[in-house]
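Work through the exercises below with the sequence and the model side by side, and try each task before reading its solution.

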Amino acid sequence: KGTEVFKIFGDWKRQADKLKDKFPQLTDADLKFETGREDDLIKRVEARLHKKREEVINIIKKVQPATL
């Protein structure tokens, strides 16, 4: 199975705050996001939470707005 291309949309600051509430070990540096650099963000969160890519993507999806 190929690597899922994952895009972040919506208000990232709000989503990052929700992630920090849920996972207090995440830092601002872990959650720093630049458009088009989703992979960098996912790798940092994977390392911090000791989770696989798919798990991290699912965690982020839960805090994203339901629709664009």
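**Exercise 1. Locate His50 and describe its exposure and its backbone angle.**

Solution. Begin with the position: His50 is found in the loop between helix 2 and helix 3, where helices (H or I, at least four residues) and strands (E, at least two) are DSSP runs numbered from the N terminus. Next, take the accessibility: His50 counts as exposed because its relative accessibility is 72%, given that buried means under 20% relative accessible area, exposed over 50%, and partly exposed in between (1.4 Å probe, protein chains only). Finally, read the backbone: phi of His50 is near 55°, a positive value in a residue other than glycine. For comparison, most residues other than glycine have a negative phi.

The model is a predicted one, in which local features need pLDDT of at least 70 and side-chain atom pairs count only at pLDDT 80 or more, whereas totals for chains, interfaces and linings use all residues. Residues are numbered from 1 along each chain as its sequence is written, and side-chain values use heavy atoms, with hydrogens and water left out.

**Exercise 2. Describe the overall make-up and dimensions of the protein chain.**

Solution. First list the elements: the protein chain has 3 helices and 0 strands, and from the N terminus on they run α-α-α. Then turn to the dimensions: the C-alpha trace spans about 30 × 30 × 20 Å along its principal axes. The radius of gyration, taken over C-alpha atoms, can be set against the globule rule of 2.2 Å times the number of residues to the power 0.38; for 68 residues a compact globule would have a value near 11 Å, and the protein chain, with 11 Å, agrees. Lastly, buried residues make up 32% of the 68 residues.

**Exercise 3. Which residues of helix 1 are buried, and how are they arranged around its axis?**

Solution. Start with the list: in helix 1 (residues 12-22), the buried residues are Trp12, Gln15, Ala16 and Leu19. They cover an arc of only 100° around the axis, which puts them on the same side of helix 1; the arc is that of the directions from the helix axis to the C-beta atoms. The face turned away from this buried side carries the exposed residues Lys13, Arg14 and Asp21. What covers the buried residues includes helix 2 (38-49) and helix 3 (53-63). To finish with the N-terminal end of helix 1, Asp11 caps it, with a side-chain oxygen 3.1 Å from the backbone nitrogen of Lys13.

**Exercise 4. Trace the largest nonpolar core and the place of Trp12 in it.**

Solution. A nonpolar core is a set of buried Ala, Val, Leu, Ile, Met, Phe, Trp, Tyr and Cys residues joined through side-chain atoms within 4.5 Å. The largest one has 17 residues, and those with the most contacts inside it are Trp12, Leu19, Leu26, Leu31, Leu41, Val45 and Ile60. Helix 1, helix 2 and helix 3 are the elements that give two or more residues to this core, and its largest share, 5 residues, comes from helix 3. Not counting residues up to four places away in sequence, Trp12 touches Leu19, Leu31, Phe33, Leu41 and Ile60, a contact being heavy atoms within 4.5 Å. As background, nonpolar side chains in soluble globular proteins tend to be buried together.

**Exercise 5. Is Asp30 buried or exposed, and what does its side chain meet?**

Solution. Asp30 lies in the loop between helix 1 and helix 2, and it counts as buried because its relative accessibility is 7%. Now examine polar contacts, which are pairs of N or O atoms within 3.5 Å; within protein, one must be able to donate a hydrogen and the other to accept it, and residues adjacent in sequence count only if both atoms are side-chain atoms. The side chains of Asp30 and Arg48 are joined by a polar contact of 2.6 Å, while a polar atom of the Asp30 side chain also lies 3.0 Å from the backbone nitrogen of Thr27. Leaving aside neighbours within four places in sequence, Asp30 is in contact with Gln25, Leu41, Arg44, Val45 and Arg48.
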